[in-house]
Amino acid sequence: MAENLDPDAALMLRVKQGDAAAFTELVEKYKQPVINLIYRTLRDATEAEDLAQNVFVQVYKSADRYRVAAKFSTWLFTIARNLCLNEIRRRSRHPADSLDAVHPEHEDQPLQQFEDRKNFAPPDSLLQGELEQKIDEVLAELPENQRTALLLCRQEELSYEEMSEVLGCSLSATKSLIHRGRETLKEKLKPYLRTGVWKGPKS
Amino acid sequence: MNDPQKLREILWRRPLSADETAELRAWLAANPEARADWELEEHLTESVRRLPDVPVSSNFTARVLQAVDREKVREANPKRVNPFWKSWLPRIAFSAVVLCGGLFAYHQHTTAQRLERAQNVAAISEVAPDPAVLKDFDAIRHLNRTAVAPDEELLALLQ
């Protein structure tokens with residue numbers, strides 16, 4: 001049993017006994033994937049950091065109740081997803097006006113768009129940036145469960161079974177969510193994917 | 001040979017290994033109509049994998065640890081005064097003062113009324129006749145009631 005223990009679960013057991021260094025290690029290891037997930041769900045960098053902070057505080061507060069029944073990362077991403085869902089619900093109850101939104105009094109005026117006539121062939125880095133932006137946009141348009149499923153897919157340490165635990169649905173339903181999400185992405189990103197932009201060096 | 005669906009599920013997570021790619025090529029040789037879709041799948045996996053990480057503040061971990069410390073302090077020092085009482089005590093005190101003021105004013109008002117009534121009775125008692133004068137009042141009143149009808153016979157004799 002002890003030799004099969006998930007290293008993160010072992011750290012969590014130390015956190016349970018009040019070991020601050022173990023907690024710091026967990027925060028350092030998971031802050032990036034947690035913030036990535038939250039940012040791509042809420043699309044607000046400041047909010048993502050604040051919510052990620054709450055996720056880790058929640059982990060610390062729940063340390064006493066932690067049981068090594070599932071992998072630590074599964075538990076962590078479940079907390080992160082639940083807090084994201086709470087935030088989405090809160091936003092739907094108290095919607096804030098976007099500064100980028102078109103105001104009714106200016107509705108008849110078209111948004112200014114200037115075509116760059118000189119630059120016929122944009123450099124690869126520009127296309128890469130455009131592709132990344134487009135992926136973020138299409139991800140934001142997906143239903144929450146499809147988007148979360150696709151983002152969890154990037155976490156290589158999570159198996160499909162663990163992803164289905166985070167999403168709270170069956171294994172086949174999880175695969176179906178991923179399939180449908182990817183089909184939408186393929187459809188909307190087809191022009192970019194065919195240019196070969198994605199082959200560029202990883203930034 | 002892996003089931004193409006298995007290969008697809010692997011591809012959703014990461015680029016295929018050399019062996020898996022060879023397997024896929026062999027399968028695509030027999031199913032060339034699926035080649036375009038598989039290419040899109042590969043390109044998409046690579047594009048999503050290359051999505052940049054969101055920048056994280058350098059003090060993020062420090063902020064989390066600070067928040068946890070605040071949480072520890074809060075748990076160690078639970079509030080002594082019930083927040084409910086803390087917020088309601090001034091309101092209850094104000095209501096009690098208003099109620100006491102009202103009761104005092106009512107008491108003063110009734111006392112003043114009683115005093116005024118007593119003074120009126122005393123004033124009347126000074127001008128009223130002696131009660132002994134009224135001792136046969138009921139008998140006289142009764143006599144009047146029986147003599148209400150005129151004695152017609154007597155009136156006729158007198159005429």
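Guide: A residue is called buried if 20 or more other C-beta atoms lie within 10 Å of its own. The model is predicted. By that cut-off, buried residues make up 8% of the 159 residues in chain B.

Visitor: What makes the pattern of chain B α-α-α-α-α-α-α?

Guide: Chain B has seven helices and zero strands, and read along the sequence they give that pattern.

Visitor: Why is helix 6 of chain A called mostly covered?

Guide: The label buried needs 20 or more other C-beta atoms within 10 Å. In helix 6 (residues 144–153) of chain A, eight of the ten residues are buried, so the helix is called mostly covered. Among them are A:Gln146, A:Arg147 and A:Cys153.

Visitor: How do you know that chain A and chain B are in contact?

Guide: Two residues are in contact if their C-beta atoms lie within 7 Å. On that basis 33 residues of chain A are in contact with 26 residues of chain B. Helix 2, helix 3, helix 5 and helix 8 of chain A each supply at least two residues of the side that touches chain B. By class, that side of chain A has 16 nonpolar, five polar and twelve charged residues.

Visitor: What makes the crossing of helix 4 and helix 7 of chain A right-handed?

Guide: A crossing is right-handed if the near helix is turned clockwise from the far one by less than a right angle. The axes of these two helices of chain A cross at roughly 35° and come within 8 Å. Helix 4 passes helix 7 in the clockwise sense, therefore the crossing is right-handed. A:Phe77 of helix 4 and A:Val166 of helix 7 are among the residues that make the contact.

Note on methods: Residues are numbered from 1 along each chain as its sequence is written. Chains are lettered from A and ligands numbered from 1 in the order in which they are written. This is a predicted model: local features need pLDDT of at least 70, side-chain atom pairs count only at pLDDT 80 or more; totals for chains, interfaces and linings use all residues. Helices (H or I, at least four residues) and strands (E, at least two) are DSSP runs, numbered from the N terminus. A residue is buried if 20 or more other C-beta atoms lie within 10 Å of its own, exposed if 12 or fewer, and partly exposed in between; C-beta atoms are placed from the backbone. Ala, Val, Leu, Ile, Met, Phe, Trp, Tyr, Cys and Pro count as nonpolar, Asp, Glu, Lys and Arg as charged, and the others, Gly among them, as polar. Axes are lines fitted to C-alpha atoms, for helices over the stretch in contact, and angles run from 0 to 180 degrees between N-to-C directions.
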